[in-house]
Amino acid sequence: MNRQLMVWTTAIGGTIAGLGGIAFHSAIGVDLDVPKTTAATSSALASRAASREAERAARDVQIVVWGQALAADPISAIAMGQLAALHMQKAREGGSFNEYLEAETLARRSLATRTRRNAATAVTLTNTLLAQHRFTEAKDVASTLVEWEPEQPAYRALLGEVAMELGDDSTASAMFNTVWTARSGLSIASRLARWLELTNHVEKARRVLHDARDEALARRDLSTEPKAWFHLAVGDLELRADRARDAAAAYRAGLALDDQDPRLMAAMARLAEQQRKPDAVIAWSERSPCVSIRLRSVYCRRPTHSVVKAPRRGNMRRHCP
């Protein structure tokens with residue numbers, strides 16, 4: 001190799017290390033394979049499955065009990081509000097769009113019966129509308145919540161999230177600027193972190209979200225679903241920050257809690273697409289109902305090589321809380 005070529009080789013290598021090294025480093029060693037079940041892991045999987053089924057069975061029992069209460073008193077705002085929250089939780093756990101619709105119907109009926117001391121049901125209604133991407137309606141309900149109880153930082157954070165989705169940065173900023181001291185609340189932390197990220201305070205967002213994840217994992221009163229969700233939120237932040245390895249680690253930590261969480265499997269598929277690993281995209285897509293239609297149409301094919309058809313992407317995304 002002549003001297004001039006050696007100089008150019010060194011210069012190119014230095015440019016890669018200096019300018020692209022961070023992004024390149026983040027992509028090295030990203031494990032995107034679907035875990036294989038072995039004798040060593042089968043017992044752990046069985047234990048997690050049993051725990052997951054026990055939690056969902058307990059929720060279904062509550063749905064039956066509160067359904068009986070509503071049958072005994074058809075105008076009970078409390079029973080309707082409790083059922084709305086339970087159906088929404090069921091939607092988050094299983095990705096069922098119909099459960100969101102049932103939750104919305106029950107929440108509206110409850111609020112039509114009684115608004116006083118029924119703010120929790122208004123929160124449920126707002127969240128069901130957010131899940132359906134009906135942001136304008138969600139903002140109306142969240143704004144009413146803040147009018148009812150302006151001293152509640154969780155309600156201001158909720159309004160801030162809806163305003164953020166609508167591009168109403170003025171309202172979002174006004175709401176989030178008032179909740180910093182209450183950021184230890186889990187519902188506040190997750191929303192505040194997203195706002196911090198969007199306003200280019202990524203490191204602050206990371207700290208807020210990591211603290212909230214650690215708090216969620218330490219709490220015994222939380223079910224598996226919200227704990228797994230915080231791993232998902234951390235992973236999504238890292239994915240948007242081009243930290244692929246950190247994103248994968250967060251998603252896998254969530255899957256270690258619930259290996260059947262459709263949102264985390266969809267996240268792994270998106271990460272695999274970003275890393276240009278089509279086999280991993282296909283493998284994760286086949287496991288999750290939450291994978292976007294674009295990914296399915298590009299990567300997932302039947303044995304005859306005909307493209308798999310599915311509903312519009314918007315409808316698929318609504319299945320994923």
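This is a predicted model: local features need pLDDT of at least 70, side-chain atom pairs count only at pLDDT 80 or more; totals for chains, interfaces and linings use all residues.
Start with the whole chain. The protein has 321 residues, and 41% of them count as buried. Its secondary structure comes to 16 helices and 0 strands. Among contacts with a separation of 6 or more, 54% join residues 24 or more positions apart.

Now turn to a pair of helices. Two packed helices are described by the angle between their axes and the distance between the axes. Helix α3 covers residues 77-94, and helix α5 covers residues 119-131. Their axes lie 9 Å apart, at an angle of about 35 degrees. The crossing of α3 past α5 is left-handed. On the α3 side, the contact is made by G81, A84, A85 and M88. On the α5 side, T121, T124, N127 and T128 take part. By class, this contact has 3 nonpolar residues, 5 polar ones and no charged ones.

The largest nonpolar core has 26 residues. Within this core, the residues with the most contacts are L70, L106, L125, L130 and L145. Which elements give two or more residues to this core? They are α2 (39-72), α3, α4 (97-113), α5, α6 (135-148) and α7 (153-166). Helix α6 gives the most, with 6 residues.

Take L106 as an example from this core. Leaving aside neighbours within four places in sequence, L106 is in contact with L70, M80, L83, A84 and H87. A84 is also one of the α3 residues that meet α5. Another core lies apart from the largest one. This other core has 24 residues, among them L186, L192, A205 and A216.

Helix α11 spans residues 224-240, and helix α12 spans residues 244-257. They pack with their axes 7 Å apart, at an angle of about 170 degrees. Angles over 145 degrees count as roughly antiparallel, so α11 is roughly antiparallel to α12. From α11, the contact takes in T224, K227, A228, H231, L232, V234, G235, D236, E238 and L239. From α12 come D246, A247, A250, Y251, A253, G254 and L257. By class, the contact of α11 with α12 has 9 nonpolar, 4 polar and 4 charged residues.

Next, look at L264. This residue is found in helix α13, which runs over residues 262-274. Is L264 buried or exposed? L264 is buried, because its relative accessible area is 0%. Beyond its neighbours within four places in sequence, L264 is in contact with A228, L232, Y251, G254 and L255. Among these, A228 and L232 belong to α11, while Y251 and G254 belong to α12. L264 and G254 are 10 residues apart in sequence, and their C-alpha atoms are 7.0 Å apart in space.

Finally, consider two loop residues. Most residues other than glycine have a negative phi. H133 is not a glycine, yet its phi is positive, at about 65 degrees. H133 sits in the loop between α5 and α6. Its relative accessibility is 33%, so H133 counts as partly exposed. N200 also has a positive phi, near 65 degrees, and is a residue other than glycine. N200 lies in the loop between α9 (186-198) and α10 (202-218). With a relative accessible area of 69%, N200 is exposed.

Terms used:
Residues are numbered from 1 along each chain as its sequence is written. Side-chain values use heavy atoms; hydrogens and water are left out. Axes are lines fitted to C-alpha atoms, for helices over the stretch in contact, and angles run from 0 to 180 degrees between N-to-C directions. Helices (H or I, at least four residues) and strands (E, at least two) are DSSP runs, numbered from the N terminus. A crossing is left-handed if the near helix is turned anticlockwise from the far one by less than a right angle, and right-handed if clockwise. Contact means heavy atoms within 4.5 Å. Ala, Val, Leu, Ile, Met, Phe, Trp, Tyr, Cys and Pro count as nonpolar, Asp, Glu, Lys and Arg as charged, and the others, Gly among them, as polar. A nonpolar core is a set of buried Ala, Val, Leu, Ile, Met, Phe, Trp, Tyr and Cys residues joined through side-chain atoms within 4.5 Å. Buried means under 20% relative accessible area, exposed over 50%, partly exposed in between (1.4 Å probe, protein chains only). Angles under 35 degrees count as roughly parallel, over 145 as roughly antiparallel, 65 to 115 as roughly perpendicular and the rest as oblique.
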